[in-house]
Amino acid sequence: MVNGESEPVGGAVIETERLVLRDLTIEDLDELAALYADPRVRQYFPDGTLTRGQTLKELEWIINVYYVTYGYGLWAVILKESGELVGRCGLLPWEIDGRTEVEVAYLLGTRWWGRGLATEAAIGIVEFAFGTLPVDRLIAMVDPLNEASRNVATKVGMRLLWMGYVDDEGVSDVYAIERPA
Ligand SMILES: CC(C)(COP(=O)(O)OP(=O)(O)OC[C@H]1O[C@@H](n2cnc3c(N)ncnc32)[C@H](O)[C@@H]1OP(=O)(O)O)[C@@H](O)C(=O)NCCC(=O)NCCS
């Protein structure tokens, strides 16, 4: 439980004012595949849009590898007022310069952009991560052209750590927030 004082609704990992973040399941495949098939949603991902089969592989990886190995990963983002799956956000581990970094990742369907929902989810994720994981800092890897993503990172209190970091995923600006004292 991150925000508020009541118990989270069933299966929730994180609850915020308008959102519940819960573990993804195989039943979420159709909705996740619809998000990943949208070129606007996938504009800044090096692999672009994904097919249903590719989405299934990612979903299986999230469930069978991330949740099992790390206890975290990407979660379904559910809008409380309608129960709709509006995106997937969460935490991803990366090895960067011999150090494990944990990234705050966010992706929403276009219908739900511009309502502060990604910022709300990301704030909940940051609080959850610092409250439950032994991490000194969290990062966001932002395509230099992805203004919306950069804005979410800075709105949760992240600051530019490295410019022009290059890996297999392409070029990113890396933003970071340190664990509060
Ligand atoms: C990045 C993304 C999650 C932002 O979601 P969102 O819910 O619209 O973000 P928010 O409403 O919380 O907006 C955060 C800030 O960014 C600004 N913003 C949102 N979309 C923007 C855009 N397209 N261009 C510039 N600024 C934008 C908002 O105005 C807000 O700042 P403000 O409060 O000062 O006005 C969404 O655009 C998305 O899913 N994109 C596709 C996936 C992606 O690229 N994810 C990041 C890479 S992993």
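## Valine 142 and its strand

Let's start with valine 142, which is part of strand E6. This is a predicted model. Is valine 142 buried or exposed? With a relative accessible area of 1%, valine 142 is buried, because anything under 20% counts that way.

## Asparagine 146, between E6 and H4

Strand E6 covers residues 137-142, and the loop between E6 and H4 is where you'll find asparagine 146. Asparagine 146 has a relative accessible area of 16%, so it falls under the 20% cut-off and is buried.

What does the side chain of asparagine 146 have around it? A polar atom of that side chain lies 3.2 Å from the backbone nitrogen of serine 149. An N or O atom in the side chain of asparagine 146 is also 2.8 Å from an oxygen atom of the ligand. As for the rest of the chain, glutamine 43 is 103 residues away from asparagine 146 in sequence, yet the two C-alpha atoms are separated by 8.9 Å.

## The ligand and its pocket

Where does the ligand sit? Look in the largest pocket: that's its place. The elements that each give two or more residues to the shell around the ligand are strand E5 (99-108), helix H3 (117-132) and helix H4 (147-155). Which of the elements gives the most to that shell? It's H4, with 6 residues.

In total, 19 residues surround the ligand, and the closest are Tyr106, Gly114, Gly116, Thr119 and Lys155. Sorted by class, the shell has 10 nonpolar residues, 6 polar ones and 3 charged ones.

A polar backbone atom of leucine 108 is 2.8 Å from an oxygen atom of the ligand, and for a polar backbone atom of glycine 116 the distance to a ligand oxygen is 2.7 Å. On its own the ligand has 920 Å² of accessible area, and the protein covers 72% of that.

## Arginine 42, tucked into a loop

Next comes arginine 42, in the loop between helix H1 (29-36) and H2. Is this arginine buried or exposed? Arginine 42 is buried, since its relative accessible area is 3% and the cut-off is under 20%. Its side chain reaches the backbone oxygen of glycine 48, at a distance of 2.8 Å.

## Glutamate 60 on helix H2

Helix H2 runs over residues 52-70, and glutamate 60 is in it. How far is glutamate 60 from glutamate 15? They are 45 residues apart along the chain, and 24 Å separates their C-alpha atoms.

## Two exposed aspartates in loops

Aspartate 97 belongs to the loop between strand E4 (85-96) and E5. With 69% relative accessibility, aspartate 97 is exposed, because the cut-off for that is over 50%. The backbone here deserves a look: aspartate 97 isn't a glycine, but it has a positive phi of about 50 degrees. As a rule, most residues other than glycine have a negative phi.

Aspartate 168 is in a loop as well, the one between strand E7 (159-167) and strand E8 (170-178). Its relative accessible area is 80%, so aspartate 168 is exposed by the over 50% cut-off. Which distance separates the C-alpha atoms of aspartate 168 and proline 46? It's 9.0 Å, although the two residues are 122 residues apart along the chain.

Definitions and conventions
Residues are numbered from 1 along each chain as its sequence is written. This is a predicted model: local features need pLDDT of at least 70, side-chain atom pairs count only at pLDDT 80 or more; totals for chains, interfaces and linings use all residues. Side-chain values use heavy atoms; hydrogens and water are left out. A residue is near a molecule or strand if one of its heavy atoms lies within 4 Å of it. A polar contact is a pair of N or O atoms within 3.5 Å; within protein, one must be able to donate a hydrogen and the other to accept it, and residues adjacent in sequence count only if both atoms are side-chain atoms. Accessible areas come from the Shrake-Rupley method with a 1.4 Å probe; for residues, only the protein chains shown count as cover. On a 1 Å grid over the protein atoms alone, a cavity is a set of points where a 1.4 Å probe fits but cannot get out, and a pocket is an open set with protein on both sides within 12 Å along at least five of seven lines; lining residues have an atom within 4 Å of a point. A molecule sits in a cavity or pocket if more than half of its atoms lie within 2 Å of its grid points. Helices (H or I, at least four residues) and strands (E, at least two) are DSSP runs, numbered from the N terminus. Ala, Val, Leu, Ile, Met, Phe, Trp, Tyr, Cys and Pro count as nonpolar, Asp, Glu, Lys and Arg as charged, and the others, Gly among them, as polar. Buried means under 20% relative accessible area, exposed over 50%, partly exposed in between (1.4 Å probe, protein chains only).
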